[in-house]
Amino acid sequence: MALALGGTQTHLSPLLCRAASNDNYSNAPIATASHARDASYVRRAAELADMSAGSTSPHPNFGCVIATSSGAVAGEGFLYAQGTKPAEILAVEAAGESCRRSTAYLNMEPGDCHGDHAAVAALVEAGIERVVVGIRHPLQHLRGNAVRALRGHGVQVDVVGEDLKSKIIENARKSCLLVNAPLICRAASRVPFSVLKYAMTLDGKIAASSGHAAWISSKISRSRVFEMRGRSDAIVVGGNTVRRDNPRLTARHGGGHMPMRIVMSQSLDLPEEASLWDVSDASTIVVTQRGARKSFQKLLASKGVEVVEFDILNPRDVMEYFHDRGYLSVLWECGGTLAASAISAGIIHKVFAFIAPKIIGGKYAPSPVGELGMVQMTQALDLIDVCYEQVGPDMLISGFLQPIPDLTPVIPSVEETYAIDPTVTPYESKIIFFYKTWDPYGAFSNFSPHPIQMPDVNGDYATWLSVEHFYQAQKFVGVDDPLAQDCVERIKSAKSPEEAARLGRSMQRQCPDLVRSDWESAKIDAMYRAVKCKFSIYPHLNSMLLSTAGYVLVEASPHDLFWGGGRDGEGLNYLGRLLMQLRSEFLGESSASNQNSFLAG
């Protein structure tokens with residue numbers, strides 16, 4: 001999701017042209033030849049990690065390079081998407097026997113939320129002698145775990161900025177910060193990483209006085225924007241943009257990840273017909289003030305557009321809400337009024353400005369940023385780490401409005417905190433929330449990367465890459481239609497749970513006649529059978545589930561009111577219910593087994 005990086009090989013990546021803006025390491029040791037080689041491979045790991053931007057959310061972007069003692073690259077890999085093989089495993093598989101006594105370079109410390117430590121195990125079992133880590137994991141419950149585990153197995157671990165220090169090493173570390181800036185900002189500020197993008201003429205106009213704005217920038221620049229969209233979780237526009245431009249806001253890359261489209265409108269003074277109300281290819285959410293145009297809300301809902309109401313509509317509350325929904329990176333393509341409001345709210349982290357060599361003039365022609373209340377040039381906001389890049393005939397200027405947070409200080413774990421002060425109660429409630437796959441109980445998610453084997457209609461067992469793969473396919477199983485059967489196969493072969501979910505949901509929206517007639521009554525049983533299989537065949541997952549005895553389990557999705565707990569606890573939480581039911585069954589079996597053993601003895 002890291003919008004700070006360029007995506008294809010056809011243009012210069014901002015990562016490569018970004019200059020250091022501080023001199024924190026001016027007194028650091030002069031870089032040695034080994035430091036230069038380490039820095040080069042760490043930067044390469046960051047470049048690999050960036051290849052999956054847009055597909056891995058909510059996970060970080062991971063890359064791994066394995067180099068032999070002679071300095072030759074033996075294997076490379078990157079995390080393709082959540083629920084797929086870790087970068088370290090892919091690199092080990094590519095390197096083969098060359099892993100022995102080699103060095104693995106990682107842009108970020110491995111962070112396995114699923115309890116199987118696959119990435120660490122792969123490096124240890126392959127005979128990796130040394131691991132260089134670009135940055136520690138930004139999430140508190142994962143920070144330092146893999147570093148300690150690797151060192152516990154006798155592997156030499158060097159963390160950039162801690163064990164390795166020089167200016168060239170620090171620049172390599174910045175590459176690692178950039179590629180996962182969304183996750184780092186999200187962990188520090190509880191809002192997604194937000195990027196403001198706009199195109200303007202040389203005299204600072206985003207449209208003519210008439211409002212006409214097509215096209216300011218070149219076709220090449222517009223292609224870059226499509227790429228940025230594909231690397232984002234969501235795109236935000238305001239009501240003025242919908243009324244004036246009727247945008248589609250699609251990535252237009254012929255498949256793959258499509259970001260959510262978000263419209264912010266306080267009054268809901270929006271047209272009844274708009275491209276954004278077509279949700280066949282990409283979903284749309286309209287956020288508005290509570291009570292606004294209820295009849296229009298019903299119209300939007302009938303078209304498949306989700307409406308979310310806020311007591312007071314402002315950018316920070318909206319971004320905090322989408323943070324809770326799991327979004328990492330948001331691209332703002334709004335007009336000047338909303339842009340100014342977002343900047344004033346302190347939620348814009350980076351700016352991308354495409355400047356076209358055109359002059360349009362116009363006393364009332366709009367500018368990219370509205371009123372900020374500044375009256376002196378000394379109040380102007382300075383960009384950090386500015387990058388200049390020519391894109392076709394246009395100039396792209398990018399930079400940060402606020403620095404990437406430094407999460408270096410290690411926050412004590414729950415156990416360490418209790419050891420320091422036993423009076424501190426780390427957990428007040430008896431509720432365990434989980435959502436997606438990044439939290440401490442991420443293995444409870446149906447998106448977790450744990451393959452299961454389930455019988456088909458003929459009784460033959462088939463392997464599904466995740467519970468979500470199986471669940472989505474069940475919508476179309478048994479339907480006597482070639483399209484339904486093809487959809488089942490496409491879902492089964494999807495590379496990630498997210499892709500499987502997208503395929504299943506899209507087909508359900510576009511072709512409701514292909515969904516099996518009993519799906520509403522059968523979906524709970526389908527999920528139950530898949531979840532039971534997962535927790536039956538993986539002992540460590542079974543142990544994790546049993547360890548929650550006495551706790552209420554809540555799937556914390558704020559928008560899924562059936563499987564999740566809902567935004568304000570109004571959801572039915574059926575996934576949490578199924579897990580608690582399974583836990584009870586497993587505990588009952590364990591008690592019965594212990595009793596039988598006692599009687600037999």
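Student: Why is Glu320 called partly exposed?
Tutor: In this predicted model, Glu320 has a relative accessible area of 33%. Buried means under 20%, exposed means over 50%, and partly exposed is in between, with a 1.4 Å probe and protein chains only. The value 33% falls in between, so Glu320 is partly exposed.

Student: What makes Glu320 and Arg316 a salt bridge?
Tutor: Their side chains meet at 3.9 Å, N to O. A salt bridge needs a side-chain nitrogen of Lys or Arg within 4 Å of a carboxyl oxygen of Asp or Glu. The distance of 3.9 Å is within 4 Å, so the pair counts. Arg316 is partly exposed, at 28% relative accessibility.

Student: Why are Glu320 and Arg316 separated by about one helical turn?
Tutor: Because they are 4 residues apart in helix H11, residues 315–324. Helices (H or I, at least four residues) and strands (E, at least two) are DSSP runs, numbered from the N terminus. The chain has 19 helices and 18 strands.

Student: How many salt bridges does the structure hold?
Tutor: The structure holds 25. One of them joins Asp163 and Arg151 at 3.2 Å, N to O. Asp163 lies in the loop between strand E5 (156–159) and helix H6 (167–179), and Arg151 lies in helix H5 (residues 145–152), so the pair ties together parts 12 residues apart in sequence. Asp163 is partly exposed at 39%, and Arg151 is partly exposed at 38%.

Student: What makes Glu389 and Arg224 a link between distant parts of the chain?
Tutor: Glu389 is in strand E13 (residues 384–391), Arg224 is in helix H8, and they are 165 residues apart. Their closest N and O atoms are 2.9 Å apart, in a salt bridge. Glu389 has a relative accessible area of 5%, so it counts as buried. Arg224, at 6%, counts as buried too.
Tutor: There is also a network of salt bridges, which links Arg290, Lys294, Glu309 and Asp311.

Student: How do you know that strand E8 is mostly covered?
Tutor: In E8 (residues 260–264), 5 of its 5 residues are buried. Met260, Ile262 and Met264 point one way, and Arg261 and Val263 point the other way. In a regular strand the side chains alternate between the two faces of the sheet.

Student: Which strands pair with E8, and in which sense?
Tutor: Strand E7 (residues 234–238) pairs with E8 in the parallel sense over 5 bridges. Strand E9 (residues 284–289) pairs with E8 in the parallel sense over 4 bridges. Two strands pair if DSSP finds at least two bridges between them, so both pairs pass. Ala234 stands opposite Met260, and Val263 has Val286 in E9 as its bridge partner.

Student: Why is His469 called buried?
Tutor: His469 has a relative accessible area of 0%, which is under 20%, so it is buried. His469 lies in helix H14 (residues 467–474). Not counting residues up to four places away in sequence, it touches Trp464, Ile491, Lys492, Ala494, Ser496, Pro497 and Ala500. A contact means heavy atoms within 4.5 Å.

Student: What makes the phi of Asn246 worth a note?
Tutor: Its phi is near 45 degrees, a positive value in a residue other than glycine. Asn246 sits in the loop between helix H9 (239–245) and E8. At 36% relative accessible area, Asn246 is partly exposed.

Student: How do you know how confident the predictor is?
Tutor: The pLDDT is the predictor's confidence in each residue, from 0 to 100. The chain averages 85, and 87% of the residues score at least 70. Over residues 1–28 the pLDDT is below 50, and beyond near neighbours in sequence that stretch has 84 contacts in the model.

Student: Which rules apply to the numbering and the values?
Tutor: Residues are numbered from 1 along each chain as its sequence is written, and side-chain values use heavy atoms, with hydrogens and water left out. Local features need pLDDT of at least 70, side-chain atom pairs count only at pLDDT 80 or more, and totals for chains, interfaces and linings use all residues.
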